[in-house]
Amino acid sequence: MIRRFSFVLLLGAWAAVPSARAQGVRVSGTTTLNYVQLRSLQIDSVLAATTTGDGVMRVAPDGTPVQCVDPSPYCYVYGSGAAISSAPALQDLQVSAWGFGRGMRFYADLRGRAVVGGSNTLWPQANDHFDALEAYLEYAQPRFRVRAGRQWDVSGLAFNNYDGASVQVRPVSALTLEAYGGWTLQTGLDEPVTSGALAAVEPYAPDSRGLLFGFRAQARPAPPVWLSAVYERSTPQSGSGLYSERLAADGMFRTGRLTMDLAAQVDLASAELNELRTQLVYAPGTRWSARAFVRRHRPYFDLWTIWGAFGAVGFVEGGAGASWRSADGALSVEGQASRRHYLDTGAEVGFAPLRSNGWSLSGSSAMRLSPVWALNAQYGLDLGFGAAKSQGGLTLRRTLRGGNSIGITGTAFQTADELLVNSGTVVGLGVNGVWRLGENSSVSGSLADYQHAGRVPNSGPNWSQLRASLTYNWTVGAEPGLPPAGGK
Amino acid sequence: MRRIAVVSSLLLGVAVTVAARTAPPAPSAAPQATVQDTMLPFPHRRHAGLFPQCTVCHRGITTGDSATIYPKYQACLNCHDGTVKPRVSWRQPTPLVTNLAFSHVRHEQSVDSAGQTIACLSCHRTPGDTSDMAVSPPQPQRCIQCHAHTAPAHMDAAQACATCHVTLVRSPLSAAQVAAIPKPADHDAAGWVMHHAPASPAAATARCAVCHARESCERCHFNAAAIPAIQALEPDPRVANLVRGRAPTYPKPASHDSADWQWKHGTVAGGANGLGTAVTTCSDCHTQSSCRTCHRDGTTPAIAALPALKAGTAYGVHVPPRTIHTAGWLKDHPTQAAAGANCAACHSRSFCVDCHQGQKAVYHPPNFVAQHASEAYNNETQCTACHSTETFCRACHLQTGRGTRSKTSALFHSAQPLWLLNHGQAARQNLEACAACHTQASCTQCHSATGGWGINPHPPGFDAKRAAANNPRSCLACHAKVPDE
């Protein structure tokens, strides 16, 4: 695996060196080395006869709460195993090459990954050493654009990639029409639905790739009005039926100080409304703004799963927030709150109901203490039927010469899961920094240690862990009309 | 003994120093001093009646002979010889170093509005004192009484400074004097800097050039080479030294403070024809660099129309990278991106991919894994926008003992003794959370028509035929045949 990862690194170097001479290639690279720790959840048992108390919840001789189900002679407790560590490395390369003719360009976003130390199963897809997240050939003219290869579909339905082609035309400057099609790739996996990675964790994974067709229209009839609609249909390559058939519409309207956005997603195949959301933002000046939203959400499931037949209901949510900053920008504060209510499931048990609502509350503040010192604070509270969390953090940052910075962060959080009880508080302390090596390269890193304090021994997860990250960013070459490190 | 010698030396030193400071300077045969370092000015009033005409002593005033503008010290000795009158220590001052274009000769030869020759006392008489030889240096106000009748005061905006002053470049002022040139009151007026441009190059020469050189303008105007009024000024090394390293302070137009300026500035700059005011107005203060701190798309016509930053010129307004997004944008951006917001104007493709590809840990805090349960359960963020429920969530949960490929231990949902009864409500409230740990086979162990307990999971009104038409294969996970068969 190291050999394959090295291959990706060499690929980056190969692409970067000639571009420095011939300005026909722009290559950006990000090398990330992480260190993570996790503890597996393990079940342990004690003799029921040695416990005190009665009923389901009892106490073991060492004080650990255990669960007992008569007539089993044993009581059980879930606890954490020993810490497992892993050091995954990721190498991302974005390559943009032109010079094949006016309007012609090749673009690729490649990723290599490998575990350079420790467990090779902790990091997602760590054993899949190479991904082409995007790789397409583009021909663009003022009125149309054609792309062929692996590309992202960014719409109200998703941010997904697919293997295929897209044709975009702009008959007038305020209207864009696009048709696209090809083979579907799974969200977040970048592999077909028949991938072995999916089959490994899902016995009912499909055996046929998905074919995708979509059509999108975007219009800007006037500068403060944006509208878009997208229709997308995915079918099995072999056999009948559908994997999905969906429609989404999004819009933004701005008038003076008021901005409104609307979003809707519909599962046409199941005749279900998955998302309906509207938000109003009032910004009377550059210093403060207020927002309010309402939302109806029902989860969407691909039709190759059986989940859609289980009658998920989702929730209705409403919320509001506001932000303010001082005239000199030295102090800014923002906060928001929301409440959601789950719809009637038809499965409630009268004498043992689950919570059917939830609250969310969050706030943050940024203070510029001096030209070089800044303090950030944030807090969040989340209460729901399945889990609850209270967490806060404080970061003190010092800006150094040349855009470099270093910071120290303290965090603390508590969780209370109704489905698996946690106890205690996890406190963390970390340092992080950014160091610019030149105009087009920088190194950033972070190191944080988290300790699970006040935890009942041997009970529930132990979230004590050490985390570190080191990232090296660089760019070579520049696209026509762009600064070398343009974009972020 | 040695200590006494040291103290004596110190006292002697102090005494010598004090004596040197208090002793009158010895008269010189040819004393030269500037006005700034001379001793008391000549006491004209104490000599009243002795000199019938100013030109007795100041003959050079009328002839232009600088050597005879002031009398010689020897003239004083005619009386102040130590016998008739005590000796004095007056020294002939050197002329003031000024930027005045004043000529005594021309004024002495001119006539005033009444046709009278201009006597010395017309300008030099001490205001309000009519006694003989009550003179003092003239004030600028006296000059404008004749030369700028409409101007209310010296250095008023209506003044043409060059009437009485030479341009700074031509002046003999020292660098310190240049730095100390007083600022006209109108320069402090609100909004002055927005409208300070002279009407013409001639106007720049008539007023601006008296205090400013070309470098004064080049400090802020990166396009100085293209502005005729600036080019009308000459360069000056004294000014160049003064402004070197001083960062310019650019004024901010009121329009830039409006609530939606960040949204509409592109329209104002671009306009319908793609250029708008970019060339005529924006370029007064902005180079392409101003835009590119945020805008990645350098091919936008309005940005391309602005001048490019050149080495050796002013930087133009530096616009620090800033967000146009309001609070809560992170959750709102899907709608904005989908609706057609021009994300690519500021962001590269990889900016989106870094988060949405879901593996680089750039979106969540470092220990998010420890606290993600509440966000997942409560849909605070939509996990599936970036992660595969099966290969990301479930794979990790299986790996760390939190997921299951088969039925669940009743003890796992430990806070819910009656979990078997109320798990249905939990599932319908957030089935995605269930799928994060359970495979579909976990459910069909009970909810299957062909095995398990045969418990029907479908909600009331479930359209089995539609489900079968959509994907008959999914029906066969639990049923022996699809509904239509």
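1. Tyr139(A) is partly exposed in this predicted model, with a relative accessible area of 33%. Phe144(A) is likewise classed as partly exposed, at 30% relative accessibility. The rings of Tyr139(A) and Phe144(A) make a tilted aromatic pair, with 5.9 Å between centres and 50° between planes. Over all chains, 10 aromatic pairs are counted.

2. A further tilted pair is formed by Tyr162(A) and Tyr180(A), at 5.5 Å centre to centre with 35° between the planes. Tyr162(A) belongs to strand E8 of chain A (residues 159–172) and Tyr180(A) to strand E9 of chain A (residues 175–184), so the pair ties together parts 18 residues apart in sequence. Tyr162(A) is buried, at 2% relative accessibility. Tyr180(A) is also buried, with a value of 2%. Both figures fall under the 20% limit for a buried residue.

3. Ring pairs also join residues across the two chains: Phe315(A), Tyr342(A) and Phe385(A) are linked with Tyr377(B) into a cluster. Tyr377(B) is one of the buried residues of helix H17 of chain B.

4. Helix H17 of chain B covers residues 368–377, and its buried residues are Phe368(B), Ala370(B), Gln371(B), Ser374(B), Glu375(B) and Tyr377(B). An α-helix has 3.6 residues a turn, so residues three or four places apart point the same way. The cover over the buried residues of H17(B) includes several strands of chain A: E17 (331–342), E19 (373–383), E20 (387–399), E21 (405–417) and E24 (465–476). Helix H20 (431–435) of chain B is also part of that cover. After H17(B) comes Asn379(B), which has a positive phi, near 55°.

5. Two arginines of chain A deserve a check in the viewer. Arg246(A) sits over the face of Tyr300(A), 3.7 Å from the ring centre. Arg277(A) sits over the face of Phe293(A), at 5.4 Å from the ring centre.

6. Where does Ala87(A) lie? Ala87(A) is found in strand E4 of chain A, which spans residues 74–98. Ala87(A) is buried, with a relative accessible area of 14%. Apart from neighbours within four places in sequence, Ala87(A) contacts Leu33(A), Asn34(A) and Tyr35(A), and also Ala114(A), Val115(A), Val116(A) and Gly117(A). For one of these contacts, Ala114(A), the separation from Ala87(A) is 27 residues in sequence and 8.6 Å in space, C-alpha to C-alpha.

How values were computed:
Residues are numbered from 1 along each chain as its sequence is written. Chains are lettered from A and ligands numbered from 1 in the order in which they are written. This is a predicted model: local features need pLDDT of at least 70, side-chain atom pairs count only at pLDDT 80 or more; totals for chains, interfaces and linings use all residues. Side-chain values use heavy atoms; hydrogens and water are left out. Buried means under 20% relative accessible area, exposed over 50%, partly exposed in between (1.4 Å probe, protein chains only). Helices (H or I, at least four residues) and strands (E, at least two) are DSSP runs, numbered from the N terminus. Contact means heavy atoms within 4.5 Å. Rings of Phe, Tyr and Trp (its six-membered ring) pair if their centres lie within 6.5 Å; planes under 30 degrees apart count as stacked, over 60 as edge-to-face and the rest as tilted. A charge sits over a ring if NZ of Lys or CZ of Arg is within 6 Å of the ring centre and within 35 degrees of the ring normal.
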